[in-house]
Amino acid sequence: MGASKSSNAARRFGAIDIGSNAVRLLIKDIEWSKKGRLKESSVAYYRVPLRLGSNVFDSGRLAESSIDRLAKVMQSFKLLMEVQGVERYRACATSAVRTAENSSEVCAAVKAASGVEIDLIAGKEEADLILSNFKNNKWNDRPNLLCIDVGGGSTELSVLKHGSCVARKSFKLGTVRVLNDVVDPNEWKRIEQFILNEVDPKELVVVGTGGNINRYHKVARIKKHKPLPLEVLEKWVERIAQVPVDERSEIFGLKHNRADVIVPAGVIYRSIMKMSKACEIYVPKVGLSDGIILKLAQLERTAE
């Protein structure tokens, strides 16, 4: 995947995350020290507000117009990666595309138009890629860690003990599903049962990933490495919910296609925190795209 080589000592990688609410391209430089330590630096990040989940969660299929727009976004991303010297990349699609009845048609159309091959990744692999960001850093030493990742189409919960994942599950509960009112009420019961069976509230540290929890952390003006208290999260969920959707972008500095999903996202994070008896959540601001690049870099280093 990818073509031209970077002239720097670092290798340049790209990750495309085709989500239910937006499509993202992340480009990073990755360099390994002689001692095997990873050094990474972000080069560019692009986000296109393409809400694929609205089609899929309502009708079960991705509409032709949405497929055409996705193909055009992939064409643009391919050119951007070529211009910036990305050597290797991977494009991953999550809940919306992987559950669409016409997913194979979508992937074929995108490849024909742009040359980009889409990998439909299951919830387990999505969680694993997100969790890879927590290896070889301060989170690796935590004896009891719960990671919550809330997207447009699904929520991934993972439990780590001293860096090892001991339980993970993907749930069909996401912000776009909530807005479209297509969430099975039993999904909340499944989450509650997972937490009851797998999550020990003793010395529990909770980490949140995803664009919406990043935004809550930012609007609350919490320092970078400090956790977001549950009571502060609740305050901001209620405060934003009281403002009409069409006014939220101006008042809170939200992107237009985040203005409506941010409240259901906050409710999901808040509810899971309460179920697990957590009073705060750390927000390291990493996600699926970071994990995709890390995995690519590790595979390339192993092959050398």
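Reader: Is Lys28 buried or exposed, and at what relative accessibility?

Author: Please note at the outset that this is a predicted model. Lys28 counts as buried, because its relative accessibility is 6% and the cut-off for burial is under 20%.

Reader: How many salt bridges does the count come to?

Author: The count comes to 21 salt bridges. One of them joins the side chains of Glu300 and Arg88, at 3.5 Å from N to O. Glu300 lies in helix H12 (residues 288–303) and Arg88 in strand E4 (residues 88–93), so this pair ties together parts that are 212 residues apart in sequence. Glu300 is buried, with a relative accessible area of 14%, while Arg88 is partly exposed at 27%.

Author: A further salt bridge is formed by the side chains of Lys111 and Glu117, at 3.6 Å from N to O. Lys111 is partly exposed at 43% relative accessibility, and Glu117 is partly exposed at 45%.

Reader: What does Glu126 contact, leaving aside its neighbours within four places in sequence?

Author: Glu126 is in contact with Thr94, Arg98, Ile121, Asp149, Ser154, Glu156 and Leu288. Glu126 is found in helix H5 (residues 123–131) and counts as buried, at 6% relative accessibility.

Reader: Let us turn to the sheet. In what order do the strands of the open sheet stand?

Author: Strands of a sheet pair through backbone hydrogen bonds, either parallel or antiparallel. Here an open sheet of 5 strands has the order E3-E2-E1-E4-E5, and its pairing is mixed. E3 and strand E5 (118–120) stand at the edges with a single partner strand each, so one side of each is left without a neighbour in the sheet. From one strand to the next, the twist averages 25°.

Reader: How many bridges join strand E1 to E4, and which residue in E4 stands opposite Asp17?

Author: Strand E1 (residues 11–18) runs parallel to E4, and 6 bridges join the two. Asp17 has Cys92 in E4 opposite to it.

Reader: Which strands does helix H2 touch where it packs on the sheet?

Author: Helix H2 (residues 64–83) touches E1, E2, E3, E4 and E5, and its direction makes about 25° with that of E2. H12 also packs on the sheet, where it touches E1, E2, E3 and E4; the direction of H12 makes about 140° with that of E1.

Reader: How many aromatic pairs does a search of the whole structure find?

Author: A pair of aromatic rings is described by the distance of the centres and the angle of the planes. The search finds 2 aromatic pairs. Phe171 and Phe194 form an edge-to-face pair, 5.9 Å centre to centre with 75° between the planes. Phe171 lies in strand E8 (residues 164–171) and Phe194 in helix H7 (residues 186–198), so the pair ties together parts that are 23 residues apart in sequence. Both residues, Phe171 and Phe194, are buried.

Author: Trp236 and Phe252 also form an edge-to-face pair, 6.2 Å centre to centre with 80° between the planes. Trp236 lies in helix H9 (residues 230–241) and Phe252 in helix H10 (residues 245–252), so this pair ties together parts that are 16 residues apart in sequence. Trp236 and Phe252 are buried.

Reader: Where does the charged end of Arg301 sit?

Author: The charged end of Arg301 sits over the ring of Trp32, 4.6 Å from its centre. Arg142, in turn, lies over the face of Tyr282, at 5.9 Å from the ring centre.

Notes. Residues numbered from 1 in each chain as written. Predicted model: local features only at pLDDT ≥ 70, side-chain atom pairs only at ≥ 80, totals over all residues. Heavy atoms only, no water. Helix = DSSP H or I, 4+ residues; strand = E, 2+ residues; numbered from the N terminus. Buried < 20%, exposed > 50% of the residue type's maximum accessible area, 1.4 Å probe, protein only. Contact = heavy atoms within 4.5 Å. Salt bridge = Lys/Arg side-chain N within 4 Å of Asp/Glu carboxyl O. Pairing = 2+ DSSP bridges. Axes fitted to C-alpha atoms, helices over the stretch in contact; angles between N-to-C directions. Phe/Tyr/Trp six-rings, centres within 6.5 Å; stacked < 30°, edge-to-face > 60°. Lys NZ or Arg CZ within 6 Å of the ring centre and 35° of its normal.
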